[in-house]
Amino acid sequence: MAKDLVEFRNLETHFQTTAGTVKAVDNVSFIIREGETLCVVGESGCGKSVTAMSLMQLIESPPGKIVGGEILFEGEDLLKLSKREMSRIRGNQISMIFQEPMSSLNPVLTIGNQISEPLMLHMLLDRKAAKKRAIELINLVGISRPEKIFDSYPHELSGGMRQRIMIAIALSCDPKLLIADEPTTALDVTIQAQILDLMRDIKQKLNTSILLITHDLGVVAEMADYVVVMYAGKVIEEAPVLELFQDPQHPYTKGLLKAKPIINQKQERLYSIPGQVPNPIDLEDNCHFHDRCEFCMDICKVKQPPFRSHGKDTHKSACWLYEEEREVL
Amino acid sequence: MSADVMPITENKNTKAKAVDTPWKTAMRRFTRNKLAVIGFIMIVFMFILCFIGPLFSPHNLFDYSLKNKNLAPNGTYWLGTDKLGRDILLRMMLAGRISLLVGLVATCITVMIGATLGAVAGFYGKLVDNLIMRVADIFMALPSLPILIILGAVLSDLKVHPSSRIYYLMVIIGVLNWTTLARLVRGQILTLREQEFMQATEALGLKDKRKIFKHLLPNTIPVIIVAATLSVAGAILSESALSFLGIGVVPPTPSWGNMISAANNLIDFRKRPWLWIPPGMCILITSVAINLIGDGLRDALDPKTKK
Ligand SMILES: Nc1ncnc2c1ncn2[C@@H]1O[C@H](COP(=O)(O)OP(=O)(O)OP(=O)(O)O)[C@@H](O)[C@H]1O
Ligand code: SF4
Ligand SMILES: [Mg+2]
């Protein structure tokens, strides 16, 4: 198995709001391996973006704060780095593409200018070398006539092209990890497919690890090697992709998979499970899913299920259904 | 390398070509605004008059001839002469050079200070913002004319040479005006820094200096242009007022303000209108023209107005 690239260890990110503390990310642990695509899925508000932003250390503070845990990147704890050391890693070793390609590019700077910027900053290329590399990158993300695009402004490009440019910028310094936070949500379906193809293509060629955040189980089926399912700030199940689709354990995951996505076919938003995501403020120490779960037992309401494997090593989940000790209590 | 990635084809491009750049749109809107165009023509005329006109004058700035003093406009002296027999037209044109120059240089200083401080305040927020904006409040609370008068008097007291006074004036007027621009720029930066593309620069690990000067400030150029245009008029008026009071540009260097003050007695004022009407008209035309341009630019650069 490939080496570990990033390891989240008991990460806790909280937001202080006037209504109370929001535990947006609560004791989250998982591992991203080299050359692997890891998908994080879950309903809106479950803490996917906050997990990614914690890794980049772009949590706005206040109100947000990483209150505990470690994020190991190649064995080094990112949370212990100084601001300066961190900004050397950002955009260089770890880069990120955002959901909104329309607003992620600066409207008054040319595309070329924006692609060259990280090259000149992190790779210390001069203007000419940066331009050459930028044009290669524009080519790499499948846009024809790169010289012309180099001198264009963002408003002259379509949404799909802008997202390709964002990918080009993210790839400019050969990052080891590419974080993509719902990179295709804002695009129409055919363009979505093209962007995903492009990302898969790039992963193969450059051996970049990808942390892909998505709502779309179709995307997961197509892209992921490994899946992490989050619910109310916690990881409730993780498994290799085939394993998860064939043998989901947690009732929440089963619910997600109910409207079975067919592999290689696009799927609308997640099938919605009856009930509401719990209020994230001051959650109790129980299974946060209990009020929506059809298998809910007494213990579920008072005690948190441990997160561990039940059988296969790589497949873990947190649910009392699979625990023996539940009778004891 | 990307052979198996479907390339985006040209049709998207041709569609994009029809879209104008923001600058072209603004130009089109500006040229449609009649008043703004009139203002622009007026200001171009003033510049030609002041910077090229003197080259064709048969007279000399220092041609004193007391026998020609206080002549009414005639064939030789088109706008008459002053009490030292100097040609009013020539003096008016040379005064224009100085007034326009003071306006432009003072505005450059205003823009540099105002844009930088406003951007820094908006970008960092919190303590830095508070500090800068409270200083701005103090500057704004001070009435500018009395301050200018005091500083002008200090210059006179320090016996600054008349020819170097205008440089001090430029700096003083420029520095005193920074607050309006700083406020405008700060307001813009506050909304801009929350935009997604700024989060993207953060994710690229860019340095603060680059974020402010390369990514944020260029986005505020429309606001800066409008404010700067209007501030040129303000600076020219300040200079004229000071010179009129005898503490701005002082004779023998001519300026529109001190030319008017030459007509400061009732006899000159009533009997010799050629002394004060020409420079007065120049001040009026210039400031009206600049304000028309400023309003035109504001409409042209405002993304909210359509067409
Ligand atoms: N700046 C903030 N202030 C207060 N609470 C916040 C802030 N940012 C995020 N949160 C809280 O953190 C929780 C997780 O948010 P997050 O953005 O990670 O959700 P998500 O899983 O990415 O959802 P989506 O799929 O809608 O993007 C939410 O409940 C939200 O209320
Ligand atoms: S722990 Fe209980 S409530 Fe939670 S998912 Fe499992 S069965 Fe449902
Ligand atoms: Mg999100």
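Contact here means heavy atoms within 4.5 Å. By that rule, 30 residues of chain B meet 44 residues of chain A. This is a predicted model, in which local features need pLDDT of at least 70 and side-chain atom pairs count only at pLDDT 80 or more, while totals for chains, interfaces and linings use all residues. Residues are numbered from 1 along each chain as its sequence is written, chains are lettered from A in the order in which they are written, and side-chain values use heavy atoms, with hydrogens and water left out.

Start with the interface. About 3,400 Å² is buried between chain B and chain A. Buried area is the accessible area (1.4 Å probe) that two parts lose on being put together, summed over both. Carbon and sulfur atoms give 57% of it.

Two salt bridges link chain B and chain A (a side-chain nitrogen of Lys or Arg within 4 Å of a carboxyl oxygen of Asp or Glu). One pairs A:Glu117 with B:Arg210, whose closest N and O atoms are 2.7 Å apart. On the chain B side, the elements giving two or more residues are α1 (11-17), α9 (196-203) and α10 (208-216). Helices are DSSP runs (H or I, at least four residues), numbered from the N terminus. The largest share, six residues, comes from α9(B).

Now turn to a nonpolar surface patch on chain B. Its area is about 910 Å², and its members include B:Phe40, B:Phe56 and B:Leu101. Patch residues have over 30% relative accessible area (Shrake-Rupley method, 1.4 Å probe) and no salt bridge, with nonpolar side chains joined within 5 Å. Helices α3 (34-52) and α4 (88-124) of chain B each give two or more residues. The largest share, five residues, comes from α3(B). B:Phe56 sits in the loop between α3 and α4 of chain B.

Definitions and conventions
Patches are made of residues with over 30% relative accessible area and no salt bridge: like charges are joined within 9 Å, nonpolar side chains (Val, Leu, Ile, Met, Phe, Trp, Tyr) within 5 Å.
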